Amino acid sequence: MIRYALECLDCETGFEAWFASSDVFEKQAEDGQVTCPSCGGHTVRKQIMAPSVRPSEKAGAADPERVFGKLAARARQHISENYDYVGDGFAEEARSMYYGEREHRPVWGETTAEEREALKEEGVPAAPLPPAFVPPKQKDTSKLN
Ligand SMILES: [Zn+2]
């Protein structure tokens, strides 16, 4: 079902009506089967379309948190697939890449507040990840065994 906000061209009254589909509306409007509740006129046009959705869907579609959650999930996925997790070695990694001691590659990891400050002072590009973008920790295999 689709709800249309309609406008009567005869008396300029706005009203709403439900239709099975947009095609049904087009056909009924063309055939003069849509009646203005105010003056009984049959010359109507659409104002704004408001597709009807079930409450659960509506909540999902309009809920910014869920939209953000999906984006965040994608970001997490991207980071965990393309970035190397270097744990608390991040500052060192970032610094050696910055000074050309190591090849550039995308990494993520943790820094202490001091390290973060030092990186910033040295001009090493690093940005904090929003918590929602942080992927689950990868196991540091070098520390096993
Ligand atoms: Zn009317």
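With which residues is Val 34 in contact, leaving aside its neighbours within four places in sequence? Val 34 is in contact with Leu 6, Ala 17, Gln 28, Ala 29, His 42 and Val 44, two residues being in contact if their C-beta atoms, placed from the backbone, lie within 7 Å. The structure is a predicted model, in which local features need pLDDT of at least 70, side-chain atom pairs count only at pLDDT 80 or more, and totals for chains, interfaces and linings use all residues. Residues are numbered from 1 along each chain as its sequence is written.

The protein has 5 helices and 5 strands, where helices (H or I, at least four residues) and strands (E, at least two) are DSSP runs numbered from the N terminus. Along the sequence these elements follow the pattern β-β-α-β-α-α-β-α-β-α. Of the 145 residues in the protein, 9% are buried; a residue is termed buried if 20 or more other C-beta atoms lie within 10 Å of its own, exposed if 12 or fewer, and partly exposed in between. Among contacts between residues at least 6 apart in sequence, 53% join residues at least 24 apart.

Val 34 also belongs to the largest nonpolar core, which has 7 residues: Tyr 4, Leu 6, Cys 8, Phe 25, Val 34, Cys 36 and Val 44. Such a core is a set of buried Ala, Val, Leu, Ile, Met, Phe, Trp, Tyr and Cys residues joined through C-beta atoms within 7 Å. The largest share of this core, 3 residues, is supplied by strand S1.

Strand S1 (residues 2-8) runs antiparallel to strand S2 (residues 14-19), and 6 bridges join the two; strands are taken to pair if DSSP finds at least two bridges between them. Within this pairing, Ala 5 stands opposite Glu 16 of S2. Arg 3 is likewise placed in S1. The C-alpha atoms of Arg 3 and Ala 17 are 5.7 Å apart, with 14 residues of separation in sequence. Arg 3 is partly exposed, because 13 other C-beta atoms lie within 10 Å. In a regular strand the side chains alternate between the two faces of the sheet. S1 and S2 form a hairpin with 5 residues between them. Glu 12 lies in the loop between these strands and has a phi near 60°, a positive value in a residue other than glycine. Glu 12 is exposed, because 10 other C-beta atoms lie within 10 Å.

The buried residues of helix H4 (residues 90-98) are Phe 90, Ala 91, Glu 93 and Ala 94. Viewed down the axis of H4, these residues fall within an arc of 165°, so they line one face of the helix; the arc is that of the directions from the helix axis to the C-beta atoms. The cover over the buried residues of H4 includes strand S4 (84-87), strand S5 (107-109) and H5. Gly 100, which follows H4, has a positive phi near 75°.

Two packed helices are described by the angle between their axes and the distance between the axes. H4 and H5 pack at an angle of about 10°, with their axes 10 Å apart; axes are lines fitted to C-alpha atoms, for helices over the stretch in contact, and angles run from 0 to 180 degrees between N-to-C directions. H4 is therefore roughly parallel to H5, the class for angles under 35 degrees, whereas those over 145 count as roughly antiparallel, 65 to 115 as roughly perpendicular and the rest as oblique. The contact is made by Ala 91, Ala 94 and Arg 95 of H4 and by Glu 115, Leu 119 and Glu 122 of H5. Helix H5 (residues 113-122) is hardly covered, the count of buried residues among its 10 residues being 0. Just after H5, Gly 123 takes a positive phi of about 80°.

Trp 108 is located in strand S5 and is buried, because 21 other C-beta atoms lie within 10 Å. Not counting residues up to four places away in sequence, Trp 108 touches Ile 79, Tyr 83, Tyr 85, Phe 90 and Leu 129. Between Trp 108 and Asp 88, 20 residues apart in sequence, the C-alpha to C-alpha distance is 9.3 Å. Asp 88 lies in the loop between S4 and H4 and counts as exposed, because 12 C-beta neighbours lie inside 10 Å.
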